[in-house]
Amino acid sequence: MGTSKEPADLGGKEPDPRFTLANERTFLTWLSTSLALSAGGVAMAAVSPEAFVPWMRTTLAVVLVSLSALCAGMAYPRWRHVQNALRSQAPIPPPALAPLFGYGVAAVALLALVLIVTGR
């Protein structure tokens with residue numbers, strides 16, 4: 001018997017390593033995205049008070065950092081769900097939060113653009 005585990009003990013059949021590694025790269029990309037969102041939020045908070053209306057600057061910073069926390073917090077569960085789907089040869093679950101991140105970042109960018117153009 002030995003100490004090695006059979007694929008059934010791990011919750012399904014071992015997937016092709018390329019798929020497992022692609023899933024891991026996607027996980028790391030979610031974490032990189034989280035870091036970028038966090039850096040954007042910190043940068044927005046550090047912008048000179050004369051550049052933007054203070055309450056809007058704070059709002060944009062809070063939205064970016066909140067998206068960052070959500071992104072980082074959902075990276076591992078997403079990885080786990082995809083890995084389980086690969087092991088059970090089930091359909092890959094759709095990235096449910098992707099629209100939230102896309103629209104959230106787009107909204108922040110548009111608001112920042114308006115503030116830049118209007119000089120507020």
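Biologist: Which residues have the most contacts inside the largest nonpolar core?
Modeller: In this predicted model, the largest nonpolar core has 15 residues, where such a core is a set of buried Ala, Val, Leu, Ile, Met, Phe, Trp, Tyr and Cys residues joined through side-chain atoms within 4.5 Å. Buried means under 20% relative accessible area, exposed over 50%, and partly exposed in between, with a 1.4 Å probe and protein chains only. Inside this core, the residues with the most contacts are Trp30, Leu37, Met44, Leu60, Cys71, Phe101 and Leu115.

Biologist: Which helix gives the most to this core?
Modeller: Helices (H or I, at least four residues) and strands (E, at least two) are DSSP runs, numbered from the N terminus. Helix H1 (17-46), H2 and H3 each supply at least two residues of the core. With seven residues, the element that gives the most to this core is H2.

Biologist: What pLDDT do local features need here?
Modeller: Residues are numbered from 1 along each chain as its sequence is written, and side-chain values use heavy atoms, with hydrogens and water left out. In this predicted model, totals for chains, interfaces and linings use all residues, side-chain atom pairs count only at pLDDT 80 or more, and local features need pLDDT of at least 70.

Biologist: Are H1 and H2 roughly parallel or roughly antiparallel?
Modeller: H1 and H2 pack with their axes 7 Å apart, at an angle of about 170 degrees; axes are lines fitted to C-alpha atoms, for helices over the stretch in contact, and angles run from 0 to 180 degrees between N-to-C directions. Angles under 35 degrees count as roughly parallel, over 145 as roughly antiparallel, 65 to 115 as roughly perpendicular and the rest as oblique. The angle therefore makes H1, relative to H2, roughly antiparallel.

Biologist: How many nonpolar residues has the contact of H1 with H2?
Modeller: Ala, Val, Leu, Ile, Met, Phe, Trp, Tyr, Cys and Pro count as nonpolar, Asp, Glu, Lys and Arg as charged, and the others, Gly among them, as polar. Beside nine polar and three charged residues, the contact of H1 with H2 has nonpolar residues numbering 20.

Biologist: What volume of space lies in the largest pocket?
Modeller: On a 1 Å grid over the protein atoms alone, a pocket is an open set of points with protein on both sides within 12 Å along at least five of seven lines, whereas a cavity is a set where a 1.4 Å probe fits but cannot get out. Grid points are joined across faces, edges and corners, and a volume is the space filled by probe spheres set on the points. On that basis, the space in the largest pocket is about 160 Å³.

Biologist: Which element gives the largest share of the lining of the largest pocket?
Modeller: Lining residues have an atom within 4 Å of a point, and among them are Trp30, Met74, His81, Pro94 and Phe101. The elements that give two or more residues to this lining are helix H2 (54-88) and helix H3 (98-118). The largest share, four residues, comes from H2.

Biologist: What is the phi of Gln89?
Modeller: Gln89 lies in the loop between H2 and H3, where it is exposed, with a relative accessible area of 61%. Most residues other than glycine have a negative phi. Gln89 is not a glycine, yet its phi is positive, at about 55 degrees.

Biologist: How far apart in space are Glu24 and Trp79, C-alpha to C-alpha?
Modeller: Glu24 lies in helix H1 and is partly exposed, with a relative accessible area of 39%. Glu24 and Trp79 are 55 residues apart in sequence, whereas in space their C-alpha to C-alpha separation is 7.1 Å.
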